[in-house]
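Please open the structure in your viewer and keep the selection tool at hand. The tour below goes from stop to stop, saying what to select and what is there.

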Amino acid sequence: MKMGAVEFVDTVVNRARTLGASDIHIDPFSKATHVRFRIDGLLRTITTIPPPLHSEVIARVKILAGLRTDIHQTSQDGRFRYVQGDCDIRVSTLPTQYGENVVMRILTKRSFGNSGNILAELGVSVVDIKNIETALKRRRGLIVVTGPTGSGKTTTLYALLTMLNSGTVSIVTLEDPIEYAIEGVRQVQVNHKYGMSFVTGLRAILRQDPDIIMIGEIRDSETAKIAVHSALTGHLVISTLHTENACAAIPRLMDMGIDPYLISATLSLVVGQKLLRLICRECRVARDEADSLDGTRLPACKNCSMTGYKGRIGIYESLLVDEHARKAILDRVALDNVISLRTMNIDAIEKIAQGLTSREELTRVLYEQQL
């Protein structure tokens, strides 16, 4: 029986939720449209649909997301609530050579709780937790979480906000988009259509008597300058930057026009992070049993879709800015040359030793080699 667009979209979203996908890609090509899921950071082709069905599927997604179905030559962004899967889905469309491309980000409800073990649950080491807690207790300055796209930076920001959300401080966030709702935190959505950018939003927030400000991302020099000014005037500012490691945050801020003396005066902590795939628990047990018997290796199992991996864990490094680091920043000396840092590589090697991930996965992520 031929499946219609409504049923097809429901089926695709349900399957993505079942498989634990973070994103759904509907990619049109010359002969067919490929439906791909991003699972544990990697894309997998799940099915294909013929070109005639493509426009119907795109129209269905647009209707759900409240987008214009009569506009095809420009990008659109929307969102809808998927009640059956108890999640929100963020939708982005983009015109391409063979039709409109759609990417749906699945925003599953996540409970961060109030446990003191919240960072440990994310995979943060004891050393890095101590540095983070020290910086949070200062209640002023700039805390930056760095890493590539899709490395879990936003999750870390929300974890920090949860730790700070005592009810005795005013916390305001500026996000694009708001991914998780936190009770007791005033969360503001960036809306360029109505003039609410990161810059105008930050200026408005500063008039709201905040103690703590979370900026989803420092994207440009103007946002960076306001963030640094806010930290300089006694606020605790938390945000993210796209850099490869913690030490690279300093030259990145300088590239955005922030003077070294301002960075030295305001920067409190930089956390660097990436995500590694976890070795599947079920087939790991099977492999361990086989190793103990005759040294052979069993193949991956159905639990991990025959990949050998299921789920992801963060690897972290933390730079707590002390007087030694501040002097190096003022002197424009590369921090990785003058300070001792427990790097992400070391954190990853420890997780490999614990049997959580593999050397192949570390190589793939850190050196971008697809093995």
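Two strands are said to pair if DSSP finds at least two bridges between them, and strands (E, at least two residues) are DSSP runs numbered from the N terminus. The model is predicted, so that local features need pLDDT of at least 70 and side-chain atom pairs count only at pLDDT 80 or more, while totals for chains, interfaces and linings use all residues. Residues are numbered from 1 along each chain as its sequence is written, and side-chain values use heavy atoms, with hydrogens and water left out.

Select strand β8, residues 171–175, and then strand β10, residues 212–215: the two pair in the parallel sense over four bridges, with I171 standing opposite I212 of β10.

Next, select E317 in strand β13, residues 309–320. E317 is buried yet has no salt bridge, and K274, the nearest side chain of opposite charge, is 8.3 Å away; a salt bridge is a side-chain nitrogen of Lys or Arg within 4 Å of a carboxyl oxygen of Asp or Glu, Lys and Arg counting as positive and Asp and Glu as negative, with His and the chain ends not counted. Which residue's backbone nitrogen does the side chain of E317 reach at 3.0 Å? It is that of M344.

Notes. Buried < 20%, exposed > 50% of the residue type's maximum accessible area, 1.4 Å probe, protein only. Polar contact = N/O pair within 3.5 Å; in protein donor to acceptor, adjacent residues only side chain to side chain.
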